[in-house]
Amino acid sequence: AWNNDGSRLYEVGGFDRIYEYNVSTPFDISSASSTTFINTQDFQPNGIAWNNDGSRLYEVGGGNERIYQYTVSTPFDINSASFDTSINTQDSNPTGIAWNDDGSQLYVVGTGSERIYQNRVSTGGWGAF
């Protein structure tokens with residue numbers, strides 16, 4: 001996942017962590033340097049997504065089949081992320097997560113059913129959990 005201007009790159013996975021990289025040339029991974037990481041809530045993290053302003057981070061995990069929500073006090077800075085809550089997914093092995101531009105639709109893809117789930121978020125958008 002990327003922040004809005006391409007100056008930060010985020011990776012989820014190894015050792016149940018979310019890694020943050022600074023990128024000196026926007027959206028160019030060859031200019032990335034690792035800076036920090038946080039531990040994930042799930043023991044099998046498979047995907048992450050940001051809301052548009054970087055105030056919320058979402059993790060999807062296959063270990064517990066859940067979507068986890070973090071509040072981020074400094075936009076796009078994982079060191080300022082604090083876990084809020086989680087909800088169940090519809091898939092037995094969710095592998096990816098994405099939001100539409102206005103936060104009214106949440107998409108989860110999974111290999112358990114080999115489907116993409118579209119979830120309409122009627123109130124609160126990205127902060128609806």
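**View 1. Tyr70 and its bridge partner in strand 7.** In this predicted model, Tyr70 has Phe83 of strand 7 as its bridge partner. Strand 6 (residues 66–72) pairs with strand 7 in the antiparallel sense, over 7 bridges, where two strands are taken to pair if DSSP finds at least two bridges between them. Strands are DSSP runs (E, at least two residues), numbered from the N terminus. Residues are numbered from 1 along each chain as its sequence is written, and side-chain values use heavy atoms, with hydrogens and water left out. Local features need pLDDT of at least 70 and side-chain atom pairs count only at pLDDT 80 or more, whereas totals for chains, interfaces and linings use all residues.

**View 2. The salt bridge of Asp84 and Arg56.** A salt bridge (a side-chain nitrogen of Lys or Arg within 4 Å of a carboxyl oxygen of Asp or Glu) joins the side chains of Asp84 and Arg56, at 3.2 Å from N to O. Asp84 lies in strand 7 and Arg56 in strand 5 (residues 56–61), so that the pair, 28 residues apart, links distant parts of the chain. Asp84, with a relative accessible area of 35%, is partly exposed, and Arg56 is partly exposed at 22%; buried means under 20%, exposed over 50% and partly exposed in between (1.4 Å probe, protein chains only).

**View 3. The salt bridge of Glu20 and Arg8.** The closest N and O atoms of Glu20 and Arg8 are 4.0 Å apart in this salt bridge. Glu20 in strand 2 (residues 17–23) and Arg8 in strand 1 (residues 8–13) are 12 residues apart and link distant parts of the chain. Glu20 counts as buried at 4% relative accessibility, whereas Arg8, at 22%, counts as partly exposed.

**View 4. The largest pocket.** This pocket holds about 200 Å³ of space and is lined by 15 residues, of which Ala1, Trp2, Ala49, Trp50 and Asn51 lie nearest its centre. Strand 4 (45–50) and strand 8 (94–99) are the elements that give two or more residues to the lining. A pocket is an open set of points on a 1 Å grid over the protein atoms alone where a 1.4 Å probe fits, with protein on both sides within 12 Å along at least five of seven lines, and lining residues have an atom within 4 Å of a point.

Key. Points joined across faces, edges and corners; volume = space filled by probe spheres on them. Helix = DSSP H or I, 4+ residues; strand = E, 2+ residues; numbered from the N terminus.
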